[in-house]
Amino acid sequence: MPNTSPTLSPTDQPSSSDPTFKQLSRTPFVSDAIAKHFDSHCLIDSRFRRAARLLQILWMRDQDIPNAAVEERGAHLGSYLRADAAESGRNFISPQVHLLALRELLLREEDAAIDEDRLITNTLSSMPLVFNAFGPLALDTKLATAVFRQMLPEFVHSVERIAFEHSPGRRDDRFLADRSAFDVAVHITTPDGEAGIVYAEVKYSEEMTGPVARWRERYDQALKEVRLYKNPDSAILRSPPIEQLMREHMLAQLSVDNGITPRAMFIGIAPRLNRRASAAFRVYANELLPVANDDPTRVRFQHFTLETLIDSIDVAGDRETADQLWKRYCDFQRVYDAALAVIAPKAPCSEPPNSATAKPAADAKSKMRPRKAGSRTRRAQPDGHAGVSDPTEASHG
């Protein structure tokens, strides 16, 4: 019987247990005046991106990380690290993750699209986020197994290894004859004992507006070959918010069809409050054919919030990493409090409606015992608008 809901995740369902942290109902609005106060003003940042940039600056101040001066970047934005801080690995949540990133740089695949400057210098980029979120899992496959068993319980029995910026065949005509690649490839064993791969695309502050890849004849061929889409000729699949997901999903399916792996899954991850990324995932999922439960050769697509990934790390027993990731990437209560302190300096900070302040663990320096599974965040209601800050940052983080 076909599965008519291919994008739902068990960990994205409401839970009866009390959440450790609760997300705000919407992204705090950061005015020009507030952004200038914190050296985070970028005129064409979207609402979410502006708040995320301010969150990175607040995190840098917590960590005593100096930001880049005008002469380093050509302009001043407090979310960029000063050169010496960047080179010493301060854009990563631990020295171990920094060393992992450097090793991956040295042994990257041929023609891999890794921008070293964004990786080590830009706090707002999704590239360091990938290493900060998946690096601890790559260094501890037992932790990775516990995390992915929660997120994909019907697909993952154990995690064997994790690769970064991976493609099963760059510029290979059997695939897409281009440089399309995944942020992460999680090599797993399924509950049936088969090898498999979870391919992931990770977004943070991206607005999903492009630029799009140059269209190739091979894409038209692959759209029909992979048998994933209701209408392979759909204009939606070719649109800027969707075409990257389409290319990567086709690449995942072709990795199965060409014998790279017998089983695969394609997942998307983005913050709950990044409405554009979440909407792009939903729109893309609506273009897909239902997948029959008895057809293991088809590559399913599911999307998760970044908060779900962090919550799964917490449930798996690594409270320290979960807290670090939450404070760095998801604690928008902090942005609300900082903005309120600027516009109403004499008013006490208070909780905004329908939200709760993040309560860090009493002892965040040691790993905690696993807690009962439950969402760290509450469902949020859609809001506002989008934009870009610079083409490279907005397209790739």
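The structure is a predicted model, in which local features need pLDDT of at least 70 and side-chain atom pairs count only at pLDDT 80 or more, while totals for chains, interfaces and linings use all residues. Residues are numbered from 1 along each chain as its sequence is written, and side-chain values use heavy atoms, with hydrogens and water left out.

The protein has 15 helices and seven strands, where helices (H or I, at least four residues) and strands (E, at least two) are DSSP runs numbered from the N terminus. Of the 397 residues in the protein, 57% are buried, a word that here stands for under 20% relative accessible area, with a 1.4 Å probe and protein chains only. Among contacts (heavy atoms within 4.5 Å) between residues at least 6 apart in sequence, 73% join residues at least 24 apart.

Five of the strands form an open sheet of mixed pairing, in the order E2-E3-E4-E5-E7; two strands pair if DSSP finds at least two bridges between them. Strand E2 (158–166) and strand E7 (300–305) stand at the edges with a single partner strand each, so one side of each is left without a neighbour in the sheet. From one strand to the next the twist averages 25 degrees, angles being taken from 0 to 180 degrees between N-to-C directions, with axes as lines fitted to C-alpha atoms, for helices over the stretch in contact.

Strand E3 (residues 182–189) runs antiparallel to E2 and is joined to E2 by seven bridges. Ser158 stands opposite Thr189 of E3, and Ile162 has Val186 in E3 as its bridge partner. E3 is also antiparallel to E4, with six bridges between them, and Thr189 stands opposite Ala195 in E4. The hairpin of E3 and E4 has five residues between the strands, and there Gly193 takes a positive phi near 85 degrees. Because seven of its eight residues are buried, E3 is largely enclosed by the rest of the structure.

The contact is made by Pro128, Leu129, Asn132, Ala133 and Pro136 of H7 together with Thr321, Leu325, Arg328 and Tyr329 of H13, and its residues divide into six nonpolar, two polar and one charged. In this count Ala, Val, Leu, Ile, Met, Phe, Trp, Tyr, Cys and Pro are nonpolar, Asp, Glu, Lys and Arg are charged, and the others, Gly among them, are polar.

H13 (residues 319–330) also meets helix H12 (residues 306–315), their axes coming within 7 Å and crossing at roughly 160 degrees, which means that H12 is roughly antiparallel to H13. Leu306, Glu307, Ile310, Ile313 and Asp314 of H12 meet several residues of H13, including Leu325, Trp326 and Tyr329, and the residues of this contact divide into eight nonpolar, one polar and three charged.

Definitions and conventions:
Parallel < 35°, antiparallel > 145°, perpendicular 65-115°, else oblique. Buried < 20%, exposed > 50% of the residue type's maximum accessible area, 1.4 Å probe, protein only.
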